[in-house]
Amino acid sequence: MPFREGPLGDLKVPLTWTAAVALIVAVVIAVAFLLADRRETLQQQAYGVTRQTVDTVSKPVSGVIAAPGRWTGVGVDAVRNYFFAGSENARLKTELKEMRAYRDRYLALVDENERYKSLLGLKTDPPIPMVAARVVADSRGPFANTRLADAGKEKGVVVGNPVMNERGLVGRVVGVAPGASRVLLLTDIASRTPVMIDRTNSRAILTGDGGPNPKLEYLRGSEPIQAGDRVVTSGDGGVVPRGLPVGAAVKGLDGRWRVVLFADSASIDYIRILLFKDFAQLADQQALAAKVLPPVITENPDQSILGPARPAPPPATTGAAPAAPRAPTTPAPTTTRPATPGTGAPATTRPPAATRPATSTTPATTAPARTPQ
Amino acid sequence: MTGARPLNPGRWLGVPMLFVILATILFAAPIRMWGLQLPEPIFAMVPAFAWAVIRPSILAPFALLLLGLFLDTFWGGPTGLWGLSLLVAYASVLAVRNMLTGQSRPMLWVWYAGACALSMTAGFLFTMMDSLAMPSLVAVFWQFLATALLFPFAHRLIDRFEDADVRFR
């Protein structure tokens, strides 16, 4: 029996109600997506296959679309350089004159710094390898500030890598796909970066809000900041290396301290991805993974400071002078035990090296009561 | 009953979706001239408003959900944010579509701006809940302004398909 001839054949569901049900289903699906999202995490698996696929597909498409704009920019620059070469030359000469003074000062400070480092035995971080990439797409809205760069897994980029341009920190990588990586900018609302004020070493958290100037939150210390102070990364938490330039402090109209990003003063067409994962990367992994463990240091039961004092054995009669009188100038173990008769060598009573503390040369004054009289 | 002919989903849903995706990709180009960047309007607000005015539909909400998911993945935002925000605007316009029928173009523009504001407010609140931080109101306003200027495209879409199915006049 055909459906239309059955008892439900005349049943007609109003389209408006069906559309309303469809709308509710779509809303539920969207809410589920939103609740399941973990965009701000530093976990690779949080960046799903769908996002990776979209990024991989978007890279060549956006690259082609961005190309005319890039060419136009290059052309405009060329024309500008041609017409303004004279004034630019004069400006550069003035700047060069100022820079020479800075260069001399810089060289003197570098020399002085090196000497301080050697005096203090300071261990500096090794250089971090970098990957250059070109930005092919960017989003500038209030709810998402990201860039799509054309370097991905094949170049060793991983989630969490810091990203810079020639002026300063841009953000960090939050997603990696074959041939592309997604960079979360410092201005994104999900961005949190530990920074410090260069002048006072005061710590703060740089918090994006979708606007051009991220906020400085959790500022600590009295008078920690002034307008114009240089803000750099603090390295706290190990997300980014210490000392990367971020921007200059300004007071916003809302009374909050904000940062004018150095990276904004240059175009973010080309970026550098620092292949920095965490501080363990900077340590000598071979030294950390040593196969031979140091010896276990245990207490010598014969010399326990907890047990009762043992009666002193008869002193050596081999003609050697008792060690006690020389106690202040001899190591403690040699004075706590008498010399073995016939040997005249106090050192033969020393326990095996593996069971003795490394500080076995402690002066005898540390155990005067056990010294045979 | 010639007025009951159904609309071809490919024409009134598929083609606008395609244009929205292309325009979004185009405006995501990292172009900066004299320190200024391209605006970033929500092109998907155009069909979100127009589809609700044209007629109730089963496919339109899912098309909007797909558009929203595309925006989220392409822009790198939280997944579901724009899907939900667009659907909020769509549902609101659908609820008052009887009041919109026959309105003049400037009045429709005002209604469209209201729908944009509702969608942006929803996005603002969802982002606050998701990120536990308040987005910049200035940035939200600029995006609202850029989106509100897209009304002529929405009006064109409404004009094109409003009379296609007289059951919903």
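Over residues 12–31 of chain B the chain is 80% helix and 0% strand, with the end C-alpha atoms 32 Å apart. This span is one of those that the UniProt annotation "transmembrane region", from an unreviewed entry, covers in chain B. The model is predicted.

**Annotated spans of chain B**
- Residues 43–67 of chain B are 76% helix and 0% strand, and their end C-alpha atoms lie 10 Å apart.

**Helix α4 of chain B**
- Helix α4(B) comprises residues 81–95; at 1.5 Å a residue its 15 residues should span 21 Å, and the end C-alpha atoms are 21 Å apart, which agrees.
- Twelve of the 15 residues of α4(B) are buried, so this helix is largely enclosed by the rest of the structure.
- The buried positions in α4(B) are B:L81, B:W82, B:G83, B:L84, B:S85, B:L86, B:L87, B:V88, B:A89, B:Y90, B:V93 and B:L94.
- Within chain B, these buried residues pack against α2 (45–54), α3 (59–75), α5 (97–100) and α6 (105–131); they also pack against α1 (15–36) of chain A.

**Helix α2 of chain B**
- Ten of the ten residues of α2(B) are buried, and the helix is mostly covered.
- The buried residues of α2(B) include B:M45, B:P47, B:F49, B:W51 and B:I54.

**Packing of α6 and α8 in chain B**
- Two packed helices are described by the angle between their axes and the distance between the axes.
- For α6(B) and α8(B) (residues 151–161), the angle is about 115° and the axes are 10 Å apart.
- The crossing of these two helices, α6(B) and α8(B), is right-handed.
- On the α6(B) side, B:R105, B:L108, B:W109 and B:Y112 take part, meeting B:F151, B:A154 and B:H155 of α8(B).
- By class, this contact of α6(B) with α8(B) has five nonpolar, one polar and one charged residues.

**Contact between chains A and B**
- In chain A, 44 residues are in contact with 43 residues of chain B.
- On the side of chain A that touches chain B, the elements giving two or more residues are α1, α2 (49–83) and β1 (130–140) of chain A.
- The largest share of that side of chain A, 13 residues, comes from α1(A).
- The residues on the side of chain A that touches chain B divide into 23 nonpolar, 13 polar and eight charged.

Conventions:
Residues numbered from 1 in each chain as written. Chains lettered and ligands numbered in written order. Predicted model: local features only at pLDDT ≥ 70, side-chain atom pairs only at ≥ 80, totals over all residues. Helix = DSSP H or I, 4+ residues; strand = E, 2+ residues; numbered from the N terminus. Expected span 1.5 Å × (residues − 1). Buried ≥ 20, exposed ≤ 12 C-beta atoms within 10 Å, placed from the backbone. Contact = placed C-beta atoms within 7 Å. UniProt positions renumbered as here; feature names shortened; annotations may be inferred. Nonpolar A, V, L, I, M, F, W, Y, C, P; charged D, E, K, R; others polar. Axes fitted to C-alpha atoms, helices over the stretch in contact; angles between N-to-C directions. Left-handed = near helix turned anticlockwise from the far one by under 90°.
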